[in-house]
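Try each task before reading its solution.

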Amino acid sequence: MQRTEVDLPLQLDRAGDRSLPVQIADGIRDLVDRGVLRPGERLPASRPLAERWGVARGTVVTGLDQLVAEGYLSPVTGSGTMINPALRRTHPTARQRPAPQRRPRTPAPTSDVIDLTPGRPDAAKVVDPTWRAAWRTAAAEARATAPPPAGIAGLRRELAAHLRQMRGVVADPDHLVVTAGARDGLHLVLQVWAERRSGRLTVAVEDPGYPSLRLVPRRLGAKVVDVPVDDEGIEVAALRRRRPPDVVIVTPSHLYPTGTSMSATRRGELLDWARDHGALVVEDDYDSELRYVGAPLPALAALDQQRDVADRCVVTLGSFSKTVAGDLGAGFVHAPPGLVADLVAARADLGGLPSGVMQRALAHYLAAGGLRRHIERMRRDYRRRRAHLTDALADLDRAEAVCLDGGLHAVVRLASRDGQSAADREQDLVADAAAQGIVVTPLSRYWAHGRARLRHGIVVGYPALGSTAELALVVLRKLINRQNAQSPQRGSSG
């Protein structure tokens, strides 16, 4: 069926802060969201658009490719590009919406949800020519046989180079095992270690800490013990006061969600304690590359390599969910030599290795320097987002916005007020934000229940500048300050 070609009522601002490809992508996305452009309608070819707007054809192609990656547009072989016919399935919230006002006001409650859940990278930004070329090459190299249990050798070589260049860990590719992500790697390590210990594991985790680091051991039948942290990281003194656990899981680069970095002294104490008790230290190095202030301390694995091989006790979990995309499903385990063979044997028995096409694509992407360039772009982008959030949530009354030295989120800490505890304020703020269509995460959910050091507030991801989500910061500021101005609705004390 012949599709009607539509015009594009779009004006570009060459003096604006945003690049021309970004203006093209934002403008077409807005036309789709407002119903000006509808599913199945064809767009003019890139060359006529370039002539109409007075820009290079590559500028137009870059803007259109961004929307293809997001699912707003669909390329048609030999016929240019059209609005995705399946748009309602890929973007169910794309509908007629009023154009944003120049002076944004607090929006009324809406059915459209603005998700500020922390820890979710802007995956669309990874799609560039290097990324697309890596996948095209990998697809052309598809094999009839499954990849080896440890992972494709080429990917393990590139992962070793990545660890050396980005984290100062001199890794032998033969000491790396490819996984489907950090949780998959943790699952594999705990299963192997439980077999070695011939019994139920006791696993120590940081308190506060990332919830999945508690949930995975529990699912495997381990006893989980919460160990408090202070300004230097996990309290090794608290480990000494209890029966030694079999495994200690830590996030030394960036404790979640507070951003605390484990001090060099504390890292040495932890490794000494683990060596003395025959315990395994699992280092989740989930977003160490995304640091905006200062340089990160050496990874625990780098310090561990300074010891004799027989004394090494650190396993590093790596993942690309924070730096590339949450749904990539790729990661790795770097382990001491004596543990690698058991990990590979377990993987061979259990299966679950990522596809060969994905592994080859990631290997090509790393080899071409795509990830390093992407991380640099992310650092610049999120540094700007971080600065904007700092300004947007500055000078809150009886609350403090803390933008961390690294990572993808900020923390808003709430203090008690007369007649209302910080816990009640947190509960009210999360509910009030939800009523405005804004999803935020309670800060308290990262602590074990009943801890004396429990803190209250919210954790928010950094919204993209110029996006609808950016307006949510205005709403959150007003909700927090209005909460302080209201009479308390609860009778509890802080």
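**Exercise 1. Find out how strand β1 is paired with strand β3, and where β1 sits in its sheet.**

Step 1. Strand β3 covers residues 80-83, and two bridges join β1 to β3 in an antiparallel arrangement. Strands here are DSSP runs of E with at least two residues, helices are runs of H or I with at least four residues, and both are numbered from the N terminus. Two strands count as paired if DSSP finds at least two bridges between them.

Step 2. For a residue-level check, look at Arg42, which stands opposite Met82 in β3.

Step 3. Now widen the view: the strand order is β1-β3-β2 in an open sheet of three strands, with antiparallel pairing. β1 (42-43) and β2 (73-76) are at the edges with a single partner strand each, so one side of each has no neighbour in the sheet.

Before going on, a word about the model. It is a predicted one, in which local features need pLDDT of at least 70 and side-chain atom pairs count only at pLDDT 80 or more, while totals for chains, interfaces and linings use all residues. Residues are numbered from 1 along each chain as its sequence is written, and side-chain values use heavy atoms, leaving out hydrogens and water.

**Exercise 2. Describe strand β17: which strands pair with β17, and is the strand covered or open?**

Step 1. Begin with the partners. Strand β14 (residues 409-414) is joined to β17 by five bridges and runs antiparallel to it; Ala410 stands opposite Val460.

Step 2. Strand β16 (residues 441-442) also pairs with β17 in the antiparallel sense, over two bridges. There, Thr441 stands opposite Val459.

Step 3. Next, check burial (buried is under 20% relative accessible area, exposed over 50%, partly exposed in between, with a 1.4 Å probe and protein chains only). β17 spans residues 457-461 and is mostly covered, with five of its five residues buried.

Step 4. Finally, sort the directions. Gly457, Val459 and Gly461 point one way, while Ile458 and Val460 point the other way.

**Exercise 3. How many salt bridges does a search of the whole structure find, and what surrounds some of them?**

Step 1. Apply the criterion: a side-chain nitrogen of Lys or Arg within 4 Å of a carboxyl oxygen of Asp or Glu. The search finds 21 salt bridges.

Step 2. Take Arg266 and Glu232, whose closest N and O atoms are 3.6 Å apart. Arg266 is in helix α10 (residues 264-277) and Glu232 in the loop between β7 (223-230) and β8 (233-234), so this pair ties together parts 34 residues apart in sequence. Arg266 is buried at 8% relative accessible area, whereas Glu232 is partly exposed at 34%.

Step 3. Arg385 is buried at 4% relative accessibility, and Asp381 is buried at 10%.

Step 4. Arg398 is partly exposed at 41%, as is Asp397 at 36%.
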